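Biologist: Please take me through one part of this model closely, step by step. Then show me how that part sits in the rest.

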Amino acid sequence: MRPVIPRADPSPSRLRYRLERMRLTPGYRRLTRLGLPLLVVAGVAGGYLYDADRRANIADRIAEIRRQIETRPEFMVHLIELEGASAGVQEDIHEIFPYDLPASSFDFDMAALREMIEGLPAVARAELRIRQGGVLRVAVTERVPVTLWRTRHGFEVLDISGAAIATVEARTTHADLPVLAGSGADLAVPQALDILASATALKRPLRGLVRMGERRWDLVLGDGRRVRLPEREPVRAVERVIVLDRASDLLERDLVSIDMRLSTRPTVRMSEHATEEWWRITRASGLPAISSGTETR
Amino acid sequence: MIELYESQRAMRAMRKAAIQRGVVAVLDVGTSKISCLVLRFDGTGRFAAAEEVGRMAGQAGFRVIGAATTRSRGVRLGEIEAMAETERAIRTAVQAAQKMAQIRVDHVIACFSGARPRSYGLAGEVDITGQTVTENDISRVLSACDVPDIGEEREVLHAQPVNFALDHRSGLIDPRGQIGNWLATDMHMLTVDGVAVQNLAHCVKRCDMELAGVGSSAYVSGIAALVEDEQELGAACIDLGGGSAGLSIFIKKHMIYADCVRIGGDHVTSDISMGLQVPQATAERIKTFYGGVVATGMDDREMIETGGETGDYEHDRRKVSRAELIGIMRPRVEEILEEVRARLDAAGFDHLPSQQIVLTGGGSQIPGLDGLASRILGQRVRLGRPLRVHGLPQAATGPAFASAVGMCLFAANPQDEWWDFDIPVDRYPARSLRRAVKWFKDNW
């Protein structure tokens, strides 16, 4: 009646022992706990996305959701508010504005828009901002016309930096602005303005300034007489002309031009009639004749 | 002794590597049970005092994260007898401990109790080369110890410098840096049968692990069961195991003697089995539940059913009184203790200043053993339980686990051994490559 209970050996077999040890290896545990689930997820996702139709479908749906969000009224721009722009510039901006309002602010490329507006000749700087309530606010700083530049094609209106703002046909359109001429005149507008400001003290009508050889100025008076100014310190030269005029009524005399290019030796050219008159007087009075038509101080 | 250096240092390097990796297993291969603890070293205080003689590798801060015990098979008298059986038992214990720890263990430190340990006291002396004692002087004095003939097929398990003497001063722990002319040392060397170590190494290797250290069970249970003052002042630890009773004598925190009596709890069980005509398993159960060594009048009336499965009613319904059981157990326990007494006397234990005796191991749980032991061994006997270590399960805190816990301490705080010091330079073989490397290291 003795019950026979076969006692199983509790010890694991070599294979089971080794398997157990392998399962307890940190690398293996990491692999099963992290690597395999990742692999399964990646496999499922990859298998689903293998079909091109499904991919396109998903892309469409994402685009649709994106469009829905972008076209929400909170993100729409209805209005452009221009600040600091004259009527003409306003018209120009409205003309070049590339978007049809109302448009989503997500579509706006603000940097490009700003570049575009600053590309207008009359605009110096522009600041763009989308304000609450769907308003695109554009703060424009315009260029200030300071002078006219006469070229072959007509008159160009320049600002202080020499940038052309507009082209006008007639001098009378901007009668208040001084005129510059000669190639390269637009590169030295501030100097020209300085010269003109000091030349007002001559109290004579001025026709304008001519840039000679892209390096120095000729001051042209109202009766066509020229004052040739040096490359350096032209304002000082103008002041010397003023002083000479005050002292010896220089400009009252019959001259064609005054050459101030050499500061140590200002030179005048007399008109033909004055020269002949001079010769006649000197011959009559027996004074020695001067061969050339120049006079030195 | 170069080969000894090589093998022991290889094991030490392996142990260091295991501790660096943080996980090491401790295996106590006993006659009645095999227990495996998995330790995790969390790195606190590791290598803090690496330069010190007192605590060479000074690791501390470990935690038991896995523990498992299984019935031992194939081990007799503390020695591996059937390799395959033992291997399976080790596998069971290791697998269960690994499962509890949830980590794989590759290095194992093992201890066993048998293999006829033999203690030797070694002495060496040397003249110091410089003014002060240097590391090299210590290496020299250690290698100047005259090694006795330990016999064929024996291996050194422990070789620990116990004492240093400098000129006329003795009892130094760390003589380095002290000024003197003449340095002497006393060393304790423990040898065991080499075959036992090889068998153990083979079993561990068959379990896909590497043996990173071997300890003597008597020594490690002494570390675990003796408290600090006992270790300092002198005490003997008697580990009453299943197949053998190990004894180790400590003084000044060093083991100075270790031996093993080849009688243990299994002999008590087989006595009961023979005396009561019951199977071994029943005898073990009766011993554990009802065993004792001091009979009282009450024990005559307490009847124990021995049971049986023969089908014979008379045979299966036998009863024995507890007094009878005690009458069987007591002579054997007395025999063990007397044998221990003889070994202690041979070792000169009665010359020690303090003669504390601590009983530990599974056998120390017999009720009334302390009374019997004090009659045989001397008045100062106490029952010792192992030190409490971090994370040890409640089931593994009993005295039967003294050597397992001791192995943990041994792994965490190893005492200096001979091979922890460098081989003195003049002992290197001439034109050795290592010498050249050392020259480079010293000069660059």
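This is a predicted model: local features need pLDDT of at least 70, side-chain atom pairs count only at pLDDT 80 or more; totals for chains, interfaces and linings use all residues.

The part to look at is helix α12 of chain B, which covers residues 369-377. Which of its residues are buried? They are B:Leu369, B:Ala373 and B:Leu377. Look at the spacing of those numbers. An α-helix has 3.6 residues a turn, so residues three or four places apart point the same way. Now look down the axis of α12(B). Its buried residues fall within an arc of 40°, so they line one face of the helix. Turn to the other side of α12(B). There, B:Gly371 and B:Arg375 are exposed.

Most residues other than glycine have a negative phi. B:Glu153 is not a glycine, yet its phi is positive, about 60°. Find B:Glu153 in the loop between α3 (135-143) and β8 (154-166) of chain B. B:Glu153 counts as exposed because it has 10 C-beta neighbours inside 10 Å. The other glutamate is A:Glu233, with a positive phi of about 50°. A:Glu233 lies in the loop of chain A between β12 (226-228) and α7 (234-248). With 12 C-beta neighbours inside 10 Å, A:Glu233 also counts as exposed.

Now step back to chain B as a whole. Chain B has 14 helices and 18 strands. Of its 444 residues, 45% are buried. Take its contacts with a separation of 6 or more: 71% of them join residues 24 or more positions apart.

B:Asp416 sits in the loop between α13 (402-412) and α14 (433-443). Is B:Asp416 buried or exposed? It has 21 C-beta neighbours inside 10 Å, so it counts as buried. B:Asp416 and B:His254 are 162 residues apart in sequence. In space, their C-alpha atoms are 9.9 Å apart.

Last, see where the two chains meet. The contact takes 12 residues from chain A and 12 from chain B. On the chain A side, five of these residues are nonpolar, two are polar and five are charged.

One pair of helices runs across the two chains. Two packed helices are described by the angle between their axes and the distance between the axes. Helix α1 (residues 14-24) of chain A packs with helix α2 (residues 83-101) of chain B at an angle of about 25°, and their axes are 11 Å apart. That angle makes α1(A) roughly parallel to α2(B). Their crossing is left-handed. From α1(A), the residues in contact are A:Tyr17, A:Glu20, A:Arg21 and A:Leu24. They meet B:Arg91, B:Gln95 and B:Gln98 of α2(B). By class, this helix contact has two nonpolar, two polar and three charged residues.

Conventions. Residues are numbered from 1 along each chain as its sequence is written. Chains are lettered from A and ligands numbered from 1 in the order in which they are written. Axes are lines fitted to C-alpha atoms, for helices over the stretch in contact, and angles run from 0 to 180 degrees between N-to-C directions. Helices (H or I, at least four residues) and strands (E, at least two) are DSSP runs, numbered from the N terminus. Angles under 35 degrees count as roughly parallel, over 145 as roughly antiparallel, 65 to 115 as roughly perpendicular and the rest as oblique. A crossing is left-handed if the near helix is turned anticlockwise from the far one by less than a right angle, and right-handed if clockwise. Two residues are in contact if their C-beta atoms, placed from the backbone, lie within 7 Å. Ala, Val, Leu, Ile, Met, Phe, Trp, Tyr, Cys and Pro count as nonpolar, Asp, Glu, Lys and Arg as charged, and the others, Gly among them, as polar. A residue is buried if 20 or more other C-beta atoms lie within 10 Å of its own, exposed if 12 or fewer, and partly exposed in between; C-beta atoms are placed from the backbone. The arc is that of the directions from the helix axis to the C-beta atoms.
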